Amino acid sequence: DLKTERLLKQIQVGAAQGIAVDAAKNRYHVSVSREKKLVTFDREKLEIISEVPLPGPGGALTLGPSGVSRVYVGHIDATDLWVIDPDGKKIVSTLPLPTGPSRVIAENDTSLVYQAIKSDDTIVVMSAADNNSTIGGAWPTAPAKKPHGLALDVRNPRRLFVAGINGKL
């Protein structure tokens, strides 16, 4: 609790890699690597609601854009991005990516999802319209090398910031 600076509860989920807050549905989603799962828990009760098994170790994750009831979870250092229906508790599709996915972020205004790929210095752009996900192309991140950080500024002008391990943004 940030107001009281107290630990409220400890929740055992496994080797957690990423977390996303779904305020609209009053949930948190956590990707777990060693145990290969996506864990969803209630924001108020801080209790696990569900677990979705993953085919491999889960890494970076993001909620889908507004109106898209999906969670996107990357396969650590592999070539998959799993599109998960948290309500149905299942993987609805697996998108093939180049090796080395890193951070992933969604944009509400356009229903696009951006995935940083550190192995080839690109951003893979996906459409998440109508709860379907398709890869629409890739953009180079040069001069940023091995992109790890992503931030999205949706105000005019819209900008995607990409941070590389070489100190370039």
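This is a predicted model: local features need pLDDT of at least 70, side-chain atom pairs count only at pLDDT 80 or more; totals for chains, interfaces and linings use all residues.
Strands (E, at least two residues) and helices (H or I, at least four) are DSSP runs numbered from the N terminus. Two strands pair if DSSP finds at least two bridges between them. Strands of a sheet pair through backbone hydrogen bonds, either parallel or antiparallel. E9 and strand E10 (residues 112-117) run antiparallel and are joined by 5 bridges. Val104 has Gln115 in E10 as its bridge partner.

Residues are numbered from 1 along each chain as its sequence is written. Local features need pLDDT of at least 70, side-chain atom pairs count only at pLDDT 80 or more, totals for chains, interfaces and linings use all residues, and side-chain values use heavy atoms, with hydrogens and water left out.

The whole structure holds 2 aromatic pairs. Rings of Phe, Tyr and Trp (its six-membered ring) pair if their centres lie within 6.5 Å; planes under 30 degrees apart count as stacked, over 60 as edge-to-face and the rest as tilted. The ring centres of Tyr28 and Phe41 lie 5.2 Å apart and the planes stand at 50°, so this pair is tilted. Tyr28 sits in strand E2 (residues 27-32) and Phe41 in strand E3 (residues 37-42), 13 residues apart. Phe41 is buried, at 7% relative accessibility. Buried means under 20% relative accessible area, exposed over 50%, and partly exposed in between (1.4 Å probe, protein chains only). The rings of Tyr114 and Trp139 are also tilted, with centres 5.8 Å apart and planes at 45°. This pair links E10 to E12 across 25 residues. Tyr114 is buried at 3%, whereas Trp139 is partly exposed at 44%.

The largest pocket is lined by 13 residues; Gly59, Ala60, Ile76, Pro101 and Arg103 lie nearest its centre. A pocket is an open set of points on a 1 Å grid over the protein atoms alone, where a 1.4 Å probe fits, with protein on both sides within 12 Å along at least five of seven lines; lining residues have an atom within 4 Å of a point. E9 gives the largest share of the lining, 3 residues.
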